[in-house]
Amino acid sequence: MNNLYFGDYHTHTVYSDAVTSPEEAVRAAKAAGLKEIALTDHGFANKLLGLNRKKVKKLAAEIELLRPKYPDVRILQGIEADIIGFDGTLDMKAEEFDAFDLVIAGFHRFALAASFKEQFTFEFNNGFWAKSFGSSEKLIRKNTDALLSALEKYPVDVLAHINHNFRVRVGEVADFCAQKGIYVEINMKHLDVIEEVIDEIKDSGCLFIVNSDAHAPSKIGAFSAADEFIAAHSLPLDRIVNIGAAPEFGKRRKNG
């Protein structure tokens with residue numbers, strides 16, 4: 001099966017909250033006609049659902065065993081890190097970034113905040129409270145500043161599902177991503193969220209990456225809805241980095 005997309009760069013495995021083994025993920029990518037797949041399990045602040053340092057090493061060893069077995073699919077080890085505070089802290093130490101081929105960053109409701117106080121002011125207000133009652137302009141401003149700070153401080157490759165459970169001034173964030181070369185994700189699980197703000201993002205000139213955010217093998221490389229979304233919003237194909245070519249990751253780590 002031929003696939004317009006070179007790879008799927010946001011997938012989850014049994015190492016976090018998915019039902020997919022690493023090998024099942026690679027097989028699914030091959031069946032979908034992909035040339036690359038990134039295994040990007042949830043980060044360290046997701047204590048119940050995410051990676052820990054021991055899991056990272058175990059997954060790395062498993063990937064090394066799979067690479068010669070599936071030479072037609074390049075396997076990347078990534079992580080979906082969490083923003084965990086209004087100062088833009090991510091749940092990774094500086095020395096840990098080099099252990100991953102790519103880093104996705106986003107907000108998740110079940111991550112532990114950087115401090116006890118921010119477990120309420122940051123995590124609860126953005127997760128459960130905002131989902132039920134909406135986000136105030138003050139919170140949106142604070143979120144925007146936090147996300148911009150995170151993207152400035154850390155070598156993030158992909159911004160995950162923008163505006164999902166973490167409302168920001170999308171135009172500002174997209175402009176920053178365009179300046180820094182950070183890919184803005186078109187996430188197959190959250191097309192309804194980006195649909196609301198796509199015009200602002202499009203105007204920024206940023207680059208996009210289409211990802212499944214798959215938690216089951218059948219979702220890997222399943223991008224037909226993305227094709228419809230791209231056509232409906234007249235997104236230039238040359239701004240979608242995983243159409244027809246391999247995206248470049250780690251640029252900010254390599255360049256310091």
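This report covers a histidine site, the cysteines, the salt bridges and a nonpolar surface patch in a predicted model.

His 215 sits in the loop that runs between strand S7 (208-211) and helix H8 (224-232). Its relative accessible area is 18%, so the residue counts as buried, the limit being under 20%.

Two polar partners are found for the side chain of His 215. The side chain of Asp 17 makes a polar contact of 3.1 Å with that of His 215, and the backbone oxygen of Asp 213 is 2.9 Å from a polar atom of the His 215 side chain. Leaving aside neighbours within four places in sequence, the residues in contact with His 215 are His 12, Asp 17, Ala 18, Val 19, Thr 20, His 42 and Lys 189.

## Cysteines

The whole structure contains zero disulfides. For Cys 177, the nearest cysteine sulfur belongs to Cys 206 and is 6.6 Å away; a disulfide would need the two sulfur atoms within 2.5 Å, so Cys 177 is in no disulfide. Cys 206 is likewise in no disulfide, with the sulfur of Cys 177 as its nearest. Cys 177 is buried at 1% relative accessible area, and Cys 206 is buried at 1% relative accessibility.

## Salt bridges

Side chains of opposite charge can pair when their charged atoms come close. There are 11 salt bridges in the structure. One of them joins Arg 74 and Glu 36, with an N to O distance of 3.1 Å. This pair links distant parts of the chain, since Arg 74 belongs to strand S3 (residues 74-82) and Glu 36 to strand S2 (residues 36-42), 38 residues apart. Arg 74 is partly exposed at 49% relative accessibility, whereas Glu 36 is buried at 5%.

Asp 101 and Arg 67 form another salt bridge, their closest N and O atoms being 3.8 Å apart. Asp 101 is in the loop between S3 and strand S4 (102-106) and Arg 67 is in helix H2 (residues 53-69), so this pair ties together parts 34 residues apart in sequence. Within helix H4 (residues 137-153), Arg 141 and Asp 145 are four residues apart, about one turn of the helix, and their side chains meet in a salt bridge of 2.8 Å, N to O. Both are partly exposed, Arg 141 at 26% and Asp 145 at 38%.

## Nonpolar surface patch

A nonpolar patch on the surface is formed by Leu 48, Leu 49, Phe 110, Phe 120, Phe 124, Phe 128, Trp 129 and Phe 133. Together these residues have about 900 Å² of accessible area. Phe 120 lies in helix H3 (residues 116-133) and is partly exposed, at 49% relative accessibility.

Note on methods:
Residues are numbered from 1 along each chain as its sequence is written. This is a predicted model: local features need pLDDT of at least 70, side-chain atom pairs count only at pLDDT 80 or more; totals for chains, interfaces and linings use all residues. Side-chain values use heavy atoms; hydrogens and water are left out. Helices (H or I, at least four residues) and strands (E, at least two) are DSSP runs, numbered from the N terminus. Buried means under 20% relative accessible area, exposed over 50%, partly exposed in between (1.4 Å probe, protein chains only). A polar contact is a pair of N or O atoms within 3.5 Å; within protein, one must be able to donate a hydrogen and the other to accept it, and residues adjacent in sequence count only if both atoms are side-chain atoms. Contact means heavy atoms within 4.5 Å. Patches are made of residues with over 30% relative accessible area and no salt bridge: like charges are joined within 9 Å, nonpolar side chains (Val, Leu, Ile, Met, Phe, Trp, Tyr) within 5 Å. Accessible areas come from the Shrake-Rupley method with a 1.4 Å probe; for residues, only the protein chains shown count as cover. A salt bridge is a side-chain nitrogen of Lys or Arg within 4 Å of a carboxyl oxygen of Asp or Glu.
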